[in-house]
Amino acid sequence: MMQKIVIKMQPRCGRCRTKAMMIAAKASGVSSVELQGENKNQMVVIGDGIDAAALTSSVRKKIKNASLELVQQL
C-alpha cells in the first residue's frame, strides 16, 4: 500500500540536503522524493512498503537533526 512520509530536517548546507535525498532514494520501495517547505526543510517520500522509522534513522545519521513528522496512507 502506498504511503507518504514527511521527514523534517535541518540541514546545514545544500550538500547535506542532497545526501539526505540520496539516502531516501536508495531505500527499498521509494518511488519519489522531493523537498518542500519554506527553507526546503521537509523531505516528502512516497512509496510502497517503506519502513518510516528506519528511513528517518538513516537520514538522522547523516543530517543529525531529522524527525519523522507524518506517515499517511495514500
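Is lysine 64 buried or exposed, and what is its relative accessible area?

Modeller: Lysine 64 is exposed, with a relative accessible area of 53%; exposed means over 50%, buried under 20% and partly exposed in between, with a 1.4 Å probe and protein chains only. This is a predicted model, in which local features need pLDDT of at least 70 and side-chain atom pairs count only at pLDDT 80 or more, while totals for chains, interfaces and linings use all residues. Residues are numbered from 1 along each chain as its sequence is written, and side-chain values use heavy atoms, without hydrogens and water.

Lysine 64 sits in the loop between helix H2 (52–63) and strand E4 (66–73); helices of at least four residues and strands of at least two are DSSP runs. Its phi is near 75°, a positive value in a residue other than glycine. Lysine 40 is not a glycine either, and has a positive phi of about 55°. That residue belongs to the loop between strand E2 (30–36) and strand E3 (42–48), and is partly exposed at 42% relative accessibility.

On the surface, Lys64 gathers with Arg12, Arg15, Lys19 and Lys62 in a patch of positive charge.

How values were computed: Patch = residues over 30% accessible without salt bridge, like charges linked within 9 Å, V, L, I, M, F, W, Y side chains within 5 Å. Areas by Shrake-Rupley, 256 points an atom, 1.4 Å probe, with all protein chains shown as cover. Salt bridge = Lys/Arg side-chain N within 4 Å of Asp/Glu carboxyl O. Lys, Arg positive; Asp, Glu negative; His and termini not counted. Charge placed at Lys NZ, Arg CZ, Asp CG, Glu CD.
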